[in-house]
Amino acid sequence: MGNFDIKRYKSEVLKPHSKGEQFEQIREVVQALGRSDNDQSYMRLDLQRLYAVPSPATNAELEAWRPTIRSALNKSAGMFAVAKLLNSLLEYLEARGHDLTDPAFWGSLQGQRQKQKIVALQKSLEQLVDEYPLKVTTLVELKSRLDTTGVSGVNDENILAEASNAGLSIYPEIKLPASALPSPGLINSWKNLEKDSSYESVLSVILLHDPKRIKNVSLFDRLSSNGQIIGLQDVNYAHAKADKSKDTNDIQHAKKFLNVLKNEVKDEDTLREIVLTTLTQWVMVRLDRRLPIVMVRDQLVTNGIALNDASRLVSTLHQASPLGSSGPALDLNHVRELLSQGELAEAERAYGAVSVETEEQAEYQQVGALIGKINSEKGSFLERYQDAMNNRDFGVADQALAKAISVDVGDETLLQLRDAIPPLAPSELRVRNIDTAVELTWLASLTPGVGYTVVRSTTGVPRSTNNGTILARNLRATDFVDNEPQVGHEVGYSVFATRDGESFSDASSAKITALQIPQELSAQVRPDNIHLSWTAHPKAAGVIVTRTDSNGTSVETEITSGTTFYVEGLEIGKSYRFLVRAIYLLGSGRQLSAPSTITVVTRGEARAVVDLHIEKVDEEGNLQAIWSEVDGFDVELWSLSRHAELSIGSLLDPNELRSISSERLPVTFQSLGNGKSSAFLSVLPEVLKIYPLVRVDRGYLVGQPVLAGTAPSAGNVVTEDFGDQIRVSWDWPSGDYLMELKWTDNGRSRTRRVTRTKYRAEGGIMLTNAVGIAELSISTVVRVDDEEWTSARIPVQLAKTDKRQRVSYRMDLTKSLFGGKVTCKITASTETPGFVMPVDVVLKQGPIMPFRVQDGQRITQLELDFSAETERTYTLQLGKQKSPFWVCLFTEDPELLVPPSSSELKG
């Protein structure tokens, strides 16, 4: 056994097995073998690992192994307590007649060991099940308890199966909510609610409008009742119900709490956390009173919580509570709980504070061994992280740190290390020459939230951001166009991902020879000749012109000086296609650019239609198309899917056109004069992309498309009054659409786009300032890339809202110097115009002011007309009046009329 590593054996086997639970298990096996020759408990140990048995092994290898392991154990007996036990165990095995140099003996141990593990697991579960009166626990908690009974190395599937057979339900761990509600407003309003015996829980308030749903409520993942989500719309409904209920103290408290929820809670997850926080507080109060946990669970179920969720919540809080058990064992359970939650540092501090009696030393040592094991795992993860960073394998480094953090979430150093890891590199960078530029595209980094830096170099591909010219920083898109490439050179491009602009990923790189195509290619066409002209980059050594005739014959001509080409002797009415490629003489040899192309007919130049315009001409949806004529060529209108993409200016084969689910529109064309053509289209069944195609000899020249057609409208549009808000809801049309709401708010135009996801999340759309809303309409929006099409608007009937406005007034009573006649001047004002308020003017003699119309003489009725203004003045002649007297205004709703001070009303 020449490759036996004694140093590694001591580090990985003898040292960790010389203390804690692992040492105790080996000692118990040796003691059991000493008591009985028939004992089989050694089979549950991993003997092959304990004795570093090579696997697979031959007889010869085992013959060499035996003296080697004996020697290693003897030399280590003074340093590691487990070495002596392992020596004794070998002697017992040999004394029973086992041939340790026979490969068959070691091969049979694996199956026997698994059987022993299952038997031990079953026995331990029978002993532990009574510790869980609610019959629920987590896998981490159960495995921690099984470790203390000597059961380890059993896979999770077997534990789950045997726990179920023993009557235990295993659930994921619960992340306990915050100990307090998230805002002072919620805290204060909830304290008032708790004092009311009318509400058994917060659910009684949130479901005030529908108390039948307070049954079988799920608390985790999503807040729901029998599968139906309890969300923000329930808060709105409950608030509306409270508004309409009889005004009592408990209703007032509910309204205040619901109002805070409406204003502060913006999503269902936050609402669920608030519910869970209040229920956690409720449970902790009863646990502090030392009520039986089964009783606490049953009270939750009576209050509407689902049985499993109630059991999980009470069980978790009971384990976390200092009243969960008593004595030192409680403290050690708390340490285990901290370890299961990844709070390694907190667990170590709690462990150091535990005081134990002699008979509890074994359990204390087991917990200490568990802490040591987790520390060792953390160290291994950090070593893996460091190795990965040295190899620039950032993905593995991130995974290793994530595992280290999972066992020690309180170590802020780990979080800082993780934030400093460069992101994963983008991939599959592709570069190509386009027109006068170079286009780059790549696949995004698998690290979320990154930006991209693009670097260019003419001396190879950049390996870092310092190895070339930075063209772009912090790009969020996965494409980029270099509009000023190094034409005539082999250029290297690299794209780096970065979170912070300082730490960069590895590069995704590619090379290309930047070759600019000839520009401004044009043709002067005559009946039998064509004159081509173009511009070329200064580094171009010339061009090659390829002429393709309508019969497919091609002729190439190389031009090394000038930027024009004259072709004569052509047939009238025939189509000719010209490709012009630039010639570049590089160090690597002669290269040609991509071509600039033009197709011409001797009767005129075939050009693509780029100004097609389509508009609706009647309420039935019929359309009119208008475009610029192409002299000598027919233009056809073809409909394609709105997601179809044809290259504008390209030549399309008729067979290819038919293969892409296209349809020629049956229309009659007419000339409008001034070089314009027109056609009327029937109603289209959906929103389609309409392409104008110019018919040439070899196919179609593709023009600029537009979107046109019809889209389904929203159905059953309903508006509801929620005080100062209006909720708009509708049946969403089938398909991938946006909806657009338009309205005026006190005369100002407003628009809002709504996605299906946002609509579902909010259960409708809330519009604020209900009083000022008018002219509400809804339309369907179709988006295709950067283009949009919007359907005709459908007016929406607004819900009736309380648009009553408050009016304040001032009173000026004056007597004339001669005759003593009284003049009454009334100045009334309001904040918002648009209404008329009738008022009664009442005169009363005597020292006591009138408080209603019947207390005095109604001398007239005024119409305070605020239709267009916010302030109006009225003057009344009251004749002679004996002092003291009072003049007051009254309206049907006294809350809407704000009087001045009484001194202004008294004359």
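S427 stands opposite L443 in β7, where strands are DSSP runs of E with at least two residues, helices are runs of H or I with at least four, and both are numbered from the N terminus. This is a predicted model, in which local features need pLDDT of at least 70 and side-chain atom pairs count only at pLDDT 80 or more, while totals for chains, interfaces and linings use all residues. Residues are numbered from 1 along each chain as its sequence is written, and side-chain values use heavy atoms, with hydrogens and water left out.

**Strand pairing** (two strands pair if DSSP finds at least two bridges between them)

- Strand β6 (residues 427-434) runs antiparallel to strand β7 (residues 437-443), and 6 bridges join them.
- The hairpin of β6 and β7 has 2 residues between the strands, and D435 takes a positive phi near 55 degrees there.
- β7 also pairs with strand β10 (residues 479-482) in the antiparallel sense over 4 bridges, and T441 has D479 in β10 as its bridge partner.

- The largest pocket holds about 1,800 Å³ of space, a volume being the space filled by probe spheres set on the grid points, which are joined across faces, edges and corners.
- Its lining has 49 residues, of which Q22, A369, L370, K373 and E377 are the closest to its centre.
- Elements that give two or more residues to this lining include α1 (6-14), α2 (20-35) and α18 (361-390), and α18 gives the largest share, 13 residues.

Notes: 1 Å grid on protein atoms, 1.4 Å probe; cavity = no way out; pocket = protein on both sides within 12 Å on 5 of 7 lines; lining within 4 Å.
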